[in-house]
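Please look at the sequence and the model below before reading on. The paragraphs that follow go from the overall layout to single residues.

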Amino acid sequence: QLQDTTNAIIAEVQRVAGGDPRIFVSNVEIFPQQNGLLIQIEIQFVPGQTAQLLSVFFDQQTRSASYV
C-alpha cells in the first residue's frame, strides 16, 4: 500500500508541475518518516541546466506541511 501511495504522490506532483511550461520535474523522492512523509522534488527551470531541490515534510499527526 505504501508503494501505491508513493506512486500516486509522484504522479500528482508531475501532473501539477506539468501545468507550468516554465519548469520540469527531473526527480521525485519520497522518504517515510515517523509522523509522515518527506518529499524531495528536483525542479529545473526551462530553458536551463540548473536544478533546485524542494523538500516538503507532510506531518500526518498535525495534518500540516512545511519546507525543510
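**From the fold to single residues**

The chain contains one helix and four strands; helices (H or I, at least four residues) and strands (E, at least two) are DSSP runs, numbered from the N terminus. Along the sequence these elements follow the pattern α-β-β-β-β. This is a predicted model, in which local features need pLDDT of at least 70 and side-chain atom pairs count only at pLDDT 80 or more, while totals for chains, interfaces and linings use all residues. Residues are numbered from 1 along each chain as its sequence is written, and side-chain values use heavy atoms, with hydrogens and water left out.

The C-alpha trace spans about 40 × 25 × 15 Å along its principal axes. Of the 68 residues in the chain, 25% are buried. Here buried means under 20% relative accessible area, exposed means over 50%, and partly exposed lies in between (1.4 Å probe, protein chains only).

The four strands form an open sheet in the order 1-2-3-4, with antiparallel pairing. Strand 1 (23–32) and strand 4 (64–67) are the edge strands, each pairing on one side only. On average, neighbouring strands of this sheet are turned by 25 degrees against each other, direction ignored. Two strands count as paired if DSSP finds at least two bridges between them. In general, strands of a sheet pair through backbone hydrogen bonds, either parallel or antiparallel.

How many bridges join strand 1 and strand 2? There are nine, in the antiparallel sense. These two strands form a hairpin with three residues between them, and Pro32 has Leu37 in strand 2 as its bridge partner. Strand 2 and strand 3 also run antiparallel and are joined by nine bridges; their hairpin has five residues between the strands. Within this pair, Ile39 has Val56 in strand 3 as its bridge partner, and Ile41 stands opposite Leu54 in strand 3. Strand 2 is mostly covered, with seven of its ten residues buried.

Helix 1 (residues 2–17) lies across strand 1 and strand 2 and runs at about 155 degrees to strand 1. For such angles, axes are lines fitted to C-alpha atoms, for helices over the stretch in contact, and the angles run from 0 to 180 degrees between N-to-C directions. A contact means heavy atoms within 4.5 Å.

Now consider two residues. Thr50 sits in the loop between strand 2 (36–45) and strand 3 (51–59). Is Thr50 buried or exposed? Thr50 counts as exposed because its relative accessible area is 55%. Leaving out residues up to four places away in sequence, Thr50 touches Ile43, Gln44 and Phe45. Its C-alpha atom is separated by 18 Å from that of Gln14, 36 residues apart along the chain.

Asp59 belongs to strand 3. Asp59 is buried yet has no salt bridge, and the nearest side chain of opposite charge, Arg63, is 9.5 Å away. A salt bridge is a side-chain nitrogen of Lys or Arg within 4 Å of a carboxyl oxygen of Asp or Glu; Lys and Arg count as positive and Asp and Glu as negative, while His and the chain ends are not counted. The side chain of Asp59 does reach the backbone nitrogen of Gln61, at 2.8 Å. Not counting residues up to four places away in sequence, Asp59 touches Asn35 and Ser64.

Note on methods:
Polar contact = N/O pair within 3.5 Å; in protein donor to acceptor, adjacent residues only side chain to side chain.
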